[in-house]
Amino acid sequence: MAAYEKILIVEDNDLNLRIAEQVLKSEGYEVIRATSGMECLLLLQKATVDLILLDIQMPVMSGFDTINYLKKDARWYDIPVIFLTASSDTNTVCQAMKLGAVDYIKKPLGREDMLNRIRKALDHKKHPAGGM
């Protein structure tokens, strides 16, 4: 069971948002939801989170635009970001990693893949040198 880590899901597709939220809550994570990059930034003004799941393709403010804001602000710089993407384009994935994402999850969201990548990112945040 998770140690009550708080995860912010930023996803404009309601079905993907509900799937991710259901999976994470079933594993004991606390979940905050946002449906846009702007809503993400507003929520972070009031809430502290341990990890962000960030959709790349969103209207108005893309995931790439959102992570640029996150990584320019000292309050949010160290929050691990995992991109959610339906794209199989390697350039998209490379761009995501260059902007500071720690990983990415392919859509449609698979329960075990999502949980393994989230656990890995949270563990790395707790133990940055890779050791225990």
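User: Is β4 enclosed or open to solvent, and why?
Analyst: In this predicted model, β4 is largely enclosed by the rest of the structure, because 5 of the 5 residues of β4 are buried.

User: Which residues of β4 point which way?
Analyst: V81, F83 and T85 point one way from the strand, while I82 and L84 point the other way. Every one of these residues is buried.

User: How do β3 and β4 pair, parallel or antiparallel?
Analyst: The pairing of β3 and β4 is parallel and extends over 4 bridges. Within it, D55 has L84 of β4 as its bridge partner.

User: And what about β4 and β5?
Analyst: Strand β5, residues 103–106, runs parallel to β4 and is joined to β4 by 4 bridges. Here L84 stands opposite I105.

User: Which helices connect these strands, and are the crossovers right-handed or left-handed?
Analyst: β3, α3 and β4 form a right-handed β-α-β unit. From β4 the chain then crosses through helix α4, residues 90–98, to β5, and this crossover is also right-handed.

User: Back to F83. What does it touch away from its sequence neighbours?
Analyst: Leaving aside neighbours within four places in sequence, F83 is in contact with L54, D55, I56, G63, F64, I67, A96, A101, D103, Y104 and I105.

User: Which residues have the most contacts inside the largest nonpolar core?
Analyst: They are L8, V10, L44, I52, L54 and F83, in a core of 23 residues.

User: Which elements supply that core?
Analyst: Two or more residues each come from β1 (6–10), β2 (30–34), α2 (37–44), β3 (51–55), α3 (63–72) and β4 (81–85). There is also a second, separate core of 19 residues, which includes I9, A20, L51 and L115.

User: New topic: where is L122, and is it buried or exposed?
Analyst: L122 lies in helix α5, which spans residues 111–126. L122 counts as buried because its relative accessible area is 4%, and the cut-off for buried is under 20%.

User: What does L122 touch?
Analyst: Not counting residues up to four places away in sequence, L122 touches E5, Y29, D50 and L51. L51 is also one of the residues of the second core.

User: How far is L122 from I79?
Analyst: Their C-alpha atoms are separated by 9.5 Å, and the two residues are 43 residues apart along the chain.

Conventions: Residues are numbered from 1 along each chain as its sequence is written. This is a predicted model: local features need pLDDT of at least 70, side-chain atom pairs count only at pLDDT 80 or more; totals for chains, interfaces and linings use all residues. Side-chain values use heavy atoms; hydrogens and water are left out. A nonpolar core is a set of buried Ala, Val, Leu, Ile, Met, Phe, Trp, Tyr and Cys residues joined through side-chain atoms within 4.5 Å. Buried means under 20% relative accessible area, exposed over 50%, partly exposed in between (1.4 Å probe, protein chains only). Contact means heavy atoms within 4.5 Å. Two strands pair if DSSP finds at least two bridges between them. A crossover is right-handed if, with the strands pointing away from the viewer, the path from the first strand over the helix to the second runs clockwise.
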